Amino acid sequence: MRCASHQNLNPSKTDIIDGSSITTLRLEDGSTIRAKVVIGCDGVNSVVAQWLGLTTPVRSGRSAVRAIAVFPDGHGFEKDIQQFVDDGKRAGIVPINDKELFWFMTHTSLPPEIEMVSDPESIQNLIIENLAKGFPPEYINVVRHTDPTTLSWAPLMFRYPWDLLIGQTWRGCVTVAGDAMHPMTPDLGQGGCTSLEDAVVLARHIASSSRFSSDGFEKAIKDYVKERRVRVAGIIAGSYLSGWVQQGGIGWWGGVVGRFVRDHIFYRFVFKRLVKVSEFDCGRLTCE
């Protein structure tokens with residue numbers, strides 16, 4: 001369900017039913033929903049996040065193309081993940097099974113008139129003839145076998161980490177979770193993982209509310225935000241740093257300096273520590 005606009009999400013502190021304040025959501029089809037708790041899981045362009053006052057996600061300066069390649073007779077790749085890096089570009093191949101591979105390319109964003117192209121064949125040709133020029137033949141061959149229905153091309157967005165630390169992430173019994181709270185670049189592979197963590201932590205706090213009333217729910221939402229905001233802000237920052245450095249930097253940071261930092265400092269000393277963010281226990285789903 002989608003809200004028509006952030007102006008149409010109206011919490012009512014004076015509307016009390018069974019001891020709880022009620023939030024009214026007006027949807028774009030004209031219908032309304034009344035709820036004691038509202039959790040906005042409506043993605044990067046979240047209407048609920050706008051209503052709360054969180055800043056709009058920004059472009060990272062990079063874009064990503066992602067798709068599935070299909071080899072009916074088998075692709076012949078081992079199960080290992082392969083990665084290819086160049087100045088301002090990073091690509092990879094991830095086997096899914098014997099006949100399908102996931103492939104991606106992240107690159108410094110191109111002019112908007114180019115990135116507005118939505119035709120899968122045109123995007124595929126742009127990769128083969130331009131962006132992947134100089135990459136190994138096996139990568140080009142994977143791109144040629146793309147299932148066009150799976151191909152996507154979009155700018156990589158993120159929310160400034162400090163916005164979660166000092167911004168309005170909850171109000172009364174309304175908050176956000178997943179990409180609506182913490183959109184991030186995909187460079188640590190933690191977007192979906194952190195969303196699952198959100199669900200566990202939020203469910204635990206709501207279940208452990210002293211009483212299912214306005215005060216109990218508000219405390220649960222507040223405690224959920226307090227527990228999550230520092231971790232997800234750190235992952236947003238780590239993901240951005242990881243992608244920025246691995247592509248050899250952007251602007252003045254690129255070239256020889258970017259490659260040196262990436263190959264001799266980042267991969268040797270920093271990346272392993274960033275990857276450890278995935279080794280996290282968010283606790284039990286149920287309260288004691």
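Let me start with a cysteine. C282 has 15% relative accessibility, so C282 counts as buried. Buried here means under 20% relative accessible area, exposed means over 50%, and partly exposed is in between, with a 1.4 Å probe and protein chains only. C193 is at 37% relative accessibility, so C193 counts as partly exposed. How many disulfides does the rule give? The count is 0. The rule asks for a pair of cysteine sulfur atoms within 2.5 Å.

Some ground rules. This is a predicted model, where local features need pLDDT of at least 70 and side-chain atom pairs count only at pLDDT 80 or more, while totals for chains, interfaces and linings use all residues. Residues are numbered from 1 along each chain as its sequence is written, and side-chain values use heavy atoms, with hydrogens and water left out.

Now the overview. The chain has 288 residues, and 43% of them are buried. Its secondary structure comes to 8 helices and 11 strands. Those are DSSP runs, numbered from the N terminus: helices are H or I with at least four residues, strands are E with at least two. Next, contacts, meaning heavy atoms within 4.5 Å. Take those between residues at least 6 apart in sequence: 69% of them join residues at least 24 apart.

On to helix α3, residues 120-131. Which of its residues are buried? They are I123, Q124, I127, I128 and L131. Why do they share a side of α3? They cover an arc of only 135° around the axis, which puts them on the same side. The arc is taken from the directions from the helix axis to the C-beta atoms. The face turned away from that buried side carries the exposed residues E121 and E129. And what covers the buried residues? The cover includes β5 (58-70), β7 (89-95), β8 (100-108), α4 (137-144) and β9 (152-158).

Three of those strands come up again in the pairing. Two strands pair if DSSP finds at least two bridges between them. β5 and β9 run antiparallel, joined by 6 bridges. R59 has M157 in β9 as its bridge partner. β5 also pairs with β8, again in the antiparallel sense, over 9 bridges. There, R66 has F104 in β8 as its bridge partner.

The order is β4-β11-β10, and the pairing is mixed. Which strands are at the edges? They are β4 (38-40) and β10 (170-171), and each pairs on one side only. β4 pairs with β11, residues 174-176, in the parallel sense over 3 bridges. In β11, V176 is the bridge partner of G40.

Next, the rings. The structure holds 11 aromatic pairs. Rings of Phe, Tyr and Trp (its six-membered ring) pair if their centres lie within 6.5 Å; planes under 30 degrees apart count as stacked, over 60 as edge-to-face and the rest as tilted. One of the pairs is F158 with Y240. Their ring centres are 5.0 Å apart and their planes are at 35°, so the pair is tilted. F158 lies in strand β9 and Y240 in helix α7, residues 214-246, so the pair ties together parts that are 82 residues apart in sequence. F158, at 7% relative accessibility, counts as buried. Y240, at 27%, counts as partly exposed.

Y160 and W162 make a stacked pair, at 4.8 Å centre to centre with 10° between the planes. Y160 is partly exposed, with a relative accessible area of 32%. W162 is exposed, at 51%. Ring pairs also link F84, W103, F135 and Y139 into a cluster.

Then charges over rings. The test is NZ of Lys or CZ of Arg within 6 Å of the ring centre and within 35 degrees of the ring normal. The charged end of R171 sits over the ring of W51, 4.1 Å from its centre. R231 lies over the face of F280, at 3.7 Å from the ring centre.

Last stop: Q50, in helix α1, residues 47-52. Q50 is partly exposed, with a relative accessible area of 40%. Q50 and A180 are 130 residues apart along the chain, and their C-alpha atoms are separated by 9.4 Å.
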